[in-house]
Amino acid sequence: MAFIVYRKTCTSIVPLGTQADNRKKSLIEHAENDWIYPTLIICANGFLSTMRPSESFLTPYLTGPDKNLTIEEVTNQIFPVWTYSYLALLFPVFLITDYMRYKPVLLLQGISFVITWLLLLFAHGVAAMQVVEFFYGMVTATEVAYYAYIYSVVSTDRYQRVTSYCRSITLVAATIAAVLGQLLVSLAGVSYFHLNAITLASVSLALVCSFFLPMPQKSMFFHRKDVSETLPGPDKAAATGGTDGPPSRPEDKSSASADRAPAPEQQAENAKPQSHMLRVLVQLGRDLRDCYSSRKLLYWSLWWALATAGFNQVLNYIQVLWDFRAPSHSSAVYNGAVEAIATFLGSATSMAVGCIKINWDLSGELTLGIFSAMDAGSLFLMHFTDNIWACYAGYLAFKACYMFLITIATFQIAVNLSMERYALMFGFNNFVAVVIQTILTVVVVDSKGLGLDISTQVSYIAHTALTSPTLLQEASTPRLAFGKIPGNVLA
C-alpha cells in the first residue's frame with residue numbers, strides 16, 4: 001500500500017514541473033504571436049476602407065445625371081467644404097485619438113465612411129453634397145488613428161514589420177480599387193451609382209472589422225506607462241543610432257539629457273488627475289519648441305507643409321481639371337487607370353529613396369530644388385495644355401516627383417527624433433499644411449473669394465511649388481557656407 005501511495009505521489013509531482021514548463025512555454029509563444037491578430041484586423045480594416053473603386057470617378061458622378069450638378073458648383077461650393085472641415089477637425093481629433101486610445105476614433109472613421117457614401121448615393125443638391133464633404137473631412141482627419149493604432153498593441157521590435165504591412169496594404173487596395181473601377185466602367189458598363197454602392201459595401205465591412213480590434217492599454221502621449229517622464233529628446237533618439245525603423249518607446253530609452261531643465265510636472269507625483277491633460281499639453285508645446293529650434297527641421301518641415309498643401313489641393317481638384325479638358329458626358333473617362341499608374345509610380349519612387357546611397361544632408365536640398373522644379377513643370381503643363389493625355393502625363397509626373405521628395409523630407413525630419421516627437425511634428429506639420437491649403441482655397445477657389453477656374457488654380461499651385469524650395473535654400477545658405485553639417489543639429 002505504501003508503494004502504491006508512493007507511486008501516486010510521484011505521478012502527481014513529476015507532471016507539476018512539466019506543466020509549469022509547458023505553461024511558461026505557452027506564455028512565451030503567446031507573447032511572440034500576440035501581434036498577429038491585431039495586425040491582421042487593422043490591415044483588413046485598411047484594405048477595405050481604401051478599397052473605393054468609385055473615388056476616381058467622383059466628379060463625373062456629381063456632374064452626371066445622378067446628381068446633375070454644374071462644374072462650378074462642384075469646384076467653388078462643394079469641394080472647399082472638405083478643406084474647411086479637415087482644418088476644423090484635425091487638431092482636436094489628433095489629441096482625442098491619443099486620449100481615447102485609437103479604437104473609438106477608428107470606429108468614428110468607419111461610421112463617417114458609411115454616412116459619406118449613404119449621402120453620396122441617396123442625397124441630392126449642393127447642401128447635401130456639402131454635408132458629404134464635411135463627413136469626408138472627418139474621415140481624413142481620423143486617418144491618424146489607423147497608422148498610430150498598431151504601435152500601441154505590438155512591441156517595439158515589431159514596429160518596422162507591422163508598419164510595412166499597414167502601409168503596403170493600403171497601396172495595394174488603392175491600386176486594386178482604381179483598376180477595378182476602370183474595368184467596371186470601361187468594359188462592363190457599370191454605372192457610377194453602382195460603383196458607389198460597391199464602395200459603401202467595402203467601407204461597411206471595414207467598420208465591422210473595427211469592432212474586432214483589441215482595445216489598447218496605452219497610447220503615445222496621454223496613456224504612457226510612465227506619464228511623469230518627459231518625452232524623449234531628439235538627442236537621445238539620435239544616440240540610438242538606428243534609422244531603419246521607428247525609434248524605441250520612451251521606456252526603452254535612457255534618462256533625459258542633463259542640459260534640459262526638469263519640467264515642473266515631474267515634481268508633482270500626486271497631482272490631481274484633471275491636471276494630467278494640461279501637463280501633457282504643456283509638455284507637447286515644449287517639445288514642439290525644442291524641435292523647431294533646429295534650423296534643419298524647421299526648413300524641411302516648412303517645405304513639407306507647403307508641398308503637402310499643394311499636393312492635397314491638386315488631389316482634391318484634379319478630376320475637375322480632367323473633366324474640364326475632356327467632359328465626361330462626351331468623352332471616355334480613364335481616371336481609374338491613371339490613378340492606378342500614379343499609385344504604382346509613387347510607390348516605386350518612394351522605394352527608390354531607400355536604394356539611393358547618397359548623403360541627403362549634402363544633396364537633399366539640391367534634389368529638392370530639381371524635383372520641385374519638375375513638379376512645377378508638370379503643373380504648368382496641365383495648365384497650358386488642352387490635350388487630356390498630356391494632362392494625364394503631367395499628373396503622373398507630379399505625383400511621382402512628390403512621393404519621391406516627401407519620402408526624403410520625412411526621413412530628414414524623422415532621423416534624429418524619437419517616435420513620440422516624430423508623431424508630434426508630423427501632426428503639427430500636417431496642420432500647417434491644411435492651414436496653407438485653407439488659405440489657398442478661400443482666396444483662389446471659394447465662390448466667396450476669387451472663385452477662379454480650375455486651370456488658373458493649377459498655375460497658382462505651380463508657382464508655389466517653384467518658389468518654395470528656392471526660399472528654403474536661400475534661408476539655409478549660411479548653414480552650408482563652410483561646407484559642413486553639424487553632427488547633432490538638435491543638441
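Author: Contact means heavy atoms within 4.5 Å. This is a predicted model, in which local features need pLDDT of at least 70 and side-chain atom pairs count only at pLDDT 80 or more, while totals for chains, interfaces and linings use all residues. Residues are numbered from 1 along each chain as its sequence is written, and side-chain values use heavy atoms, with hydrogens and water left out.

Reader: Which residues does serine 378 touch, not counting residues up to four places away in sequence?

Author: Serine 378 touches Gly394, Ala397 and Phe398 on that count, and its place is in helix H14 (residues 360-384), where helices are DSSP runs of H or I with at least four residues, numbered from the N terminus.

Reader: Does one call serine 378 buried or exposed?

Author: Buried means under 20% relative accessible area and exposed over 50%, with partly exposed in between (1.4 Å probe, protein chains only). At 5% relative accessibility, serine 378 counts as buried.

Reader: At what angle do the axes of helix H12 and helix H13 cross?

Author: Axes are lines fitted to C-alpha atoms, for helices over the stretch in contact, and angles run from 0 to 180 degrees between N-to-C directions. The axes of H12 (residues 295-325) and H13 (residues 335-355) cross at roughly 135° and come within 12 Å.

Reader: Which residues make the contact?

Author: H12 supplies Ile318, Gln319 and Trp322, and H13 supplies Asn335, Val338 and Glu339.

Reader: Which helices do the buried residues of H6 pack against?

Author: Those buried residues, among them Met129, Val132 and Glu133, pack against helix H3 (58-63), helix H4 (71-99), helix H5 (103-122) and helix H7 (143-149).

How values were computed. Helices (H or I, at least four residues) and strands (E, at least two) are DSSP runs, numbered from the N terminus.
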